[in-house]
Amino acid sequence: MTNVLAVSDLHYTVGKRRLFNGLSLTLEAGDSVAVLGPSGSGKSTLLACVLGLVRPKAGSIRVSDTEVTELSDRRLARLRSSTIGMVFQFGELIPELTPLENIELAGMMNRSDSSNVAERAIKLLKELGVRTDGPCIELSGGERQRVAVARALVNSPKLLLADEPTGALDAKRRIKTAEILFRMPKKHGCGLLVVTHDMQVAALADRVFEICDGVLLPANVIGGGSA
């Protein structure tokens with residue numbers, strides 16, 4: 001197995017507040033990690049650092065053997081589109097477009113061959129149990145999140161990130177959507193990093209950590225392991 005993500009000795013400060021104080025994490029292809037923590041603990045900031053949207057004060061972040069902290073904005077954009085898939089809390093779909101069109105758009109932004117993108121998008125939507133037609137505004141919250149997962153996977157990323165991916169869903173859809181998400185690493189050969197405040201969702205991951213005093217510590221949750 002190879003590391004798709006290696007964060008080492010990360011330091012980051014906001015004002016006088018130290019969010020990360022030597023934070024480290026590794027993630028292999030096929031595996032999943034969940035990071036717990038209350039609002040303001042640095043969960044979303046960790047994802048922003050991995051995406052290169054936030055520059056840490058010190059430390060190393062390697063995504064698929066590429067040092068993120070040393071990349072120019074242009075190379076960062078290329079890395080995000082080709083190597084990293086992102087699932088947001090509210091899906092961030094274009095509501096007037098169909099599920100298929102939302103996914104195809106992500107593929108076109110990566111300059112992928114349009115015929116291959118369409119074929120892969122249809123396959124992903126079928127796998128995730130979502131129709132291809134009709135505007136996304138007509139879908140349920142759980143269906144929209146599954147479209148968001150398909151969109152994140154369309155470019156075959158090595159690393160899949162998710163920021164509170166079930167935070168906007170009701171209890172029934174929350175666990176069902178989380179179970180689908182945590183099956184993706186082994187099905188698609190990517191690594192999955194999820195940040196959440198939900199212990200039931202986190203328990204589905206292979207490993208669970210919590211941010212404590214600027215570092216990641218193993219968290220005790222009931223359950224554990226991918227669905």
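Q: What volume of space lies in the largest pocket?
A: The model is predicted, so that local features need pLDDT of at least 70 and side-chain atom pairs count only at pLDDT 80 or more, while totals for chains, interfaces and linings use all residues. Residues are numbered from 1 along each chain as its sequence is written, and side-chain values use heavy atoms, with hydrogens and water left out. A pocket is an open set of points on a 1 Å grid over the protein atoms alone, where a 1.4 Å probe fits, with protein on both sides within 12 Å along at least five of seven lines. Filling the points with probe spheres gives the largest pocket a volume of about 540 Å³.

Q: Which element gives the largest share of the lining of the largest pocket?
A: Among the 22 lining residues (an atom within 4 Å of a point), those closest to the centre include Arg 80, Ala 106 and Arg 151. Two or more residues come from each of β6 (84–87), α3, α5 and α2 (73–83), these being DSSP runs of H or I over at least four residues for helices and of E over at least two for strands. The largest share, five residues, comes from α2.

Q: Which residues in α5 meet α3?
A: Contact means heavy atoms within 4.5 Å. From α3, Pro 99, Asn 102, Ile 103 and Ala 106 take part, and they meet, in α5, Val 147, Ala 150 and Arg 151.
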